[in-house]
Amino acid sequence: MNRLTLAAAFLASWVGFSGSVKSAQLPNVIVIMVDDLGYGDVGCYGATKVKTPNVDRLSSQGIRFTDGHATSGTCTPSRYSFLTGQYAWRQKGTNILPGDASLIIDTKSATLPNVLRKAGYATGAVGKWHLGLGLPQAKIDWNKDISPGPNEVGFDYSWIIPATGDRVPCVYVENHRVVGVDPADPILVNYQYKVGDEPTGKEHPELLKMKLSHGHDNTIVNGISRIGFMAGGKAARWRDEDIADVLTKKAVTFIETNKDKPFFLYFATHDIHVPRAPHERFAGKSECGIRGDVIQQMDWSVGQVMETLDRLKLTDNTLVIFTSDNGPVVDDGYADGAVEKLNGHVPAGPLRGGKYSSFEGGTRVPFITRWPGKIKAGQTSAALVCQIDLMNSLATLAGTTLAAGAGPDSLNVLPALLGEAQFGRESLVEQGGPLAIRKGEWKLFPTGVGPAGRAPAAGARGKPMLFNLADDLAETKDVAAEHADKVKELGDLFQQIRDGNGTRPGV
């Protein structure tokens, strides 16, 4: 047997497929990673002011997890953990990156895409990257080949936004090249000082079509000022209103191109991150302003992926995982009316906190799995699951195992993801400002919590704080004084995980 046939045979025995090995093909896998989507931002999690029929259909046809998590309340560390199976706080330099940062994933380390590629999958990354590009200590030349990047950590194909929409450079990178780069108009990027003579938001606020609330006052691109300075590359620059269309088309094309073999697609939407600039056909369509509009635009992107799977008759053999990189934020630097027009919409639902926070609203996010050929429809699961576990779980799905030291914090929770078990992982370390640890319904902040769920003041170590989420999901009542035994139990567990090399057995 070749590697693919062996993997298919393993899958057939593991998940109980019937029929021949030929019919038990490796399932396709699509991970849709939305940006800044909160627990309460879609209909199947309680939203009523925005319409998300496609996400809701995913939920109705699969499993809606009520305790699904990113590892961090911010994007770079949560994406790092997702792809490497390692808590980001174990690795220096995994905080929110500037747009000209070097690649923070070691190209020699195991990653989710290279594990799946070795198992026989075609692998693709489309959308937001924000994990750096190029070699450490080397300045990126945006006019030449850019390496290393997604392709060097396991993706056969990549079409990415280098960092975020609010950071320069405002260009797409396909594999190793900026799309549309013109040698006669070279791209310059700098995060320390201004380059070129283009206006900035700070100098010329009258030129902005989207006003500022804080920061984001450097080079103006498409009437929106950004973080960082950029000059040149006029033909390569995106129009923000078209980003969803461009990324969705590239995701669909990847599926079409690889329809006859197993594929893994990491589709990282820009929505609903700032700057929120919905396409004209979505502008004003929701009941809660521009933030609601881009949620509905995101839902359209999900629908396009689902329609493509239906059209190509791939739905029954494709595992779709829908989730968000961290919790919600409303005002994130642009005065776009999102706060004023919430209209009763509650982005984090019943949870406290949001983006940048270690409260549940920072890391507990929408988390849905759908695979009509395997997962029973209409399920709700309270299993504790995390994106960090996808590396180990999907390796198991592909009929392979992680090498020693690979994905050190990634656990195999595949039975929970497929609805065959109601239990996921036992504990989870959540990162926002301070670290927190979850075990069952108990949650401990070993060093306390500063303002808005962020870290205590520099040099300060507050008293441990303990919450019982079964009785207090909103984390309003510290019960540490009444449960000293739980404080010690979780504190010891936290220290064990923090001081160890990983939480996966055998690491």
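The largest pocket holds about 340 Å³ of space. Please bear in mind that this is a predicted model. As background, rolling a probe the size of a water molecule over the atoms shows where empty space is left. The largest pocket is lined by 18 residues, and those closest to its centre are Ser 102, Leu 103, Leu 135, Pro 136 and Gln 137. What classes of residue make up the lining of the largest pocket? There are 10 nonpolar residues, together with 5 polar and 3 charged ones.

I turn now to a helix. H10 covers residues 484-499, which is 16 residues. From its first C-alpha to its last, H10 reaches 22 Å, close to the 22 Å expected at 1.5 Å a residue. Which residues of H10 are buried? They are Val 487, Leu 490, Leu 493, Phe 494 and Ile 497. Viewed down the axis of H10, these buried residues fall within an arc of 140°, and therefore they line one face of the helix. The face turned away from that buried side carries exposed residues, namely Ala 484, Asp 485, Lys 488, Gln 496 and Asp 499. What covers the buried residues of H10? The cover includes four strands: E17 (427-431), E18 (435-439), E19 (442-445) and E20 (465-468).

Next, I would draw your attention to the backbone. The loop between strand E12 (263-268) and helix H6 (289-311) contains Ile 272. Asp 271 and Ile 272 are joined by a cis peptide bond, with omega at about 15°. Pro 275 also lies in the loop between E12 and H6. The bond leading from Val 274 to Pro 275 is likewise cis, and its omega is near -5°.

Finally, I come to two residues with positive phi. His 216, which is not a glycine, has a phi near 55°. His 216 sits in the loop between strand E8 (188-190) and strand E9 (220-221). Is His 216 buried or exposed? With a relative accessibility of 8%, His 216 counts as buried, because the cut-off for buried is under 20%.

Tyr 356 also has a positive phi, about 80°, although it is not a glycine. Its place is in the loop between strand E13 (318-324) and helix H7 (360-363). The relative accessible area of Tyr 356 is 23%, so this residue is partly exposed.

Thank you for your attention.

Methods
Residues numbered from 1 in each chain as written. Predicted model: local features only at pLDDT ≥ 70, side-chain atom pairs only at ≥ 80, totals over all residues. Heavy atoms only, no water. 1 Å grid on protein atoms, 1.4 Å probe; cavity = no way out; pocket = protein on both sides within 12 Å on 5 of 7 lines; lining within 4 Å. Points joined across faces, edges and corners; volume = space filled by probe spheres on them. Nonpolar A, V, L, I, M, F, W, Y, C, P; charged D, E, K, R; others polar. Expected span 1.5 Å × (residues − 1). Buried < 20%, exposed > 50% of the residue type's maximum accessible area, 1.4 Å probe, protein only. Arc of directions from axis to C-beta. Contact = heavy atoms within 4.5 Å.
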